[in-house]
Amino acid sequence: MHPLPTIADARAETLLLPDTDAELRTLVRQLHSDGQAWTPAGLATRLDWSAPLQNAGPSLSVQHLKGVIDHAVDDLTITVQAGLPLMELQRLLAEQQQWLPVDWPWGSCIQTPTSGGTVGGLVARGLSGSLRQRHMGVRDQLIGIGLLRGDGVAAHAGGRVVKNVAGYDLMRLLCGSWGSLALITEVTLRVQPLRHHRRALLIRGTAHQLESVRATVVGSGFTPDWIDWERTDTGDCCLQLGVASISDAAVQDQLDPIARLAAEAGLTTRPQSWAEAIPDPISIDPPTTWLLRLCLPPARCAELLTSEACQQLQGWHWRLAAGRGSGEAWQSGEAVSSAAQVQALRQRVLELGGEMTVLKQPAPTPDNEQLPAWLDAPSKAVIAAVKRQFDPQHQLARGRLPGVAAPLG
């Protein structure tokens, strides 16, 4: 690692790359002593997501700290350093016929190890999508965590066995904190056996017909690995669901009743491969202008997708977990929606009992101001108090605090 920077040369574009845990701790302590703002980072591929950083100083990356600390194969748990890329973790687990059942970050190409980001970044963002239907979210796979506070003090919560629940609140605080509370240094995750027999089913029809099938499937005893709403830029809606099991026959036994249910409702179905059913948004060209994170009651997704606020947005694609109500909407192409149009969508989401996070948006213009990444949460005062306890000097990820629209400090 290069000599530690001083405040004078620690510019916003600086990426600090410690090679050892000792160097990391020393660097954090120096930044704290100097009063220098800094931003926790993994591969630094998604630092532009969510609220813009303000006078944030250098980014401190853990990408060189990517070792496997412990893999208890029989106990289905693994402890790794936070800089381990998600793709490398999945490849390592696959060698033991295991996997981590979490969604790839939006825009990830599974053939590119770096595009999936690091395990620490996955936890820091805390975003869950389609696989939450059966496997729950990343915060539910997290059973232990290590961190460095802004003053360089190390802490641990949880443990390396599933039954250990000590430190439950601290783990949940860090998951989805977007680097605003501490730097995640290691994580312990529960993993699952791989099921190689996988198939998907595409169901097409009107939103009203699809909602009836969705409600029946989600309300039944059958739990697919994922079930998604998809709406393309042409306004067409469909449902897609995927099933993995111990054999092809077992998969088909689960998909056949759903196909019959759809046929009885007058809908068309088409079998798909797992990969075919989950297109990779990174292939979209030209680059995305807007990227939104949505979360609303599952039963209201059809209302949103057929709402006037949604229909007025041109060139948008939507993919929402039909059983959980979370997912993404993004715009690509030459047309660029205005902030006012996206604000109207946010208002409709709020009316339906949900919330919306702006992950990416166009650069502001005199006639088009940027939207806040998130609105003030009802617990804003509590969130601010937690921030003061973890980071009293407001050094970490300045301008970014989930649940607080205006930056602190």
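The model is predicted, so local features need pLDDT of at least 70 and side-chain atom pairs count only at pLDDT 80 or more, whereas totals for chains, interfaces and linings use all residues. Residues are numbered from 1 along each chain as its sequence is written, and side-chain values use heavy atoms, with hydrogens and water left out.

Thr289 lies in the loop between helix H9 (274-277) and S15; helices (H or I, at least four residues) and strands (E, at least two) are DSSP runs, numbered from the N terminus. Leaving aside residues up to four places away in sequence, Thr289 touches Gln331, Ala335, Val336, Lys360, Gln361 and Pro362, where contact means heavy atoms within 4.5 Å.

S15 belongs to an open sheet of eight strands, ordered S14-S11-S13-S12-S16-S17-S15-S18 with antiparallel pairing; two strands pair if DSSP finds at least two bridges between them. Strand S14 (268-272) and S18 are the edge strands, each with a single partner, so one side of each has no neighbour in the sheet. On average, neighbouring strands are turned by 20° against each other, direction ignored (axes are lines fitted to C-alpha atoms, for helices over the stretch in contact, and angles run from 0 to 180 degrees between N-to-C directions). Two helices pack on the sheet. Helix H7 (residues 207-219) touches strand S11 (197-204), S12 and S13, and its direction makes about 170° with that of S12. Helix H8 (residues 248-264) touches S11, S13 and S14, with its direction at about 10° to that of S11.

S12 runs antiparallel to strand S13 (residues 237-245), joined by six bridges, and antiparallel to strand S16 (residues 316-321), joined by four. Glu230 stands opposite Cys238 in S13 and opposite Arg319 in S16. S12 and S13 form a hairpin with five residues between them, and Gly235 in the turn has a positive phi of about 95°.

Arg231, also in S12, is buried with a relative accessible area of 7%. Its contacts, not counting residues up to four places away in sequence, include Asp236, Cys237, Trp316 and Trp318.

The second largest pocket has a volume of about 1100 Å³. On a 1 Å grid over the protein atoms alone, a pocket is an open set of points where a 1.4 Å probe fits, with protein on both sides within 12 Å along at least five of seven lines, and lining residues have an atom within 4 Å of a point. Grid points are joined across faces, edges and corners, and a volume is the space filled by probe spheres set on the points. Of the 37 lining residues, Gly176, Glu355, Thr357, Pro402 and Gly403 are the closest to the pocket centre. Elements that give two or more residues to this lining include strand S15 (290-295), helix H12 (339-351) and strand S18 (355-360).

Conventions. Buried < 20%, exposed > 50% of the residue type's maximum accessible area, 1.4 Å probe, protein only.
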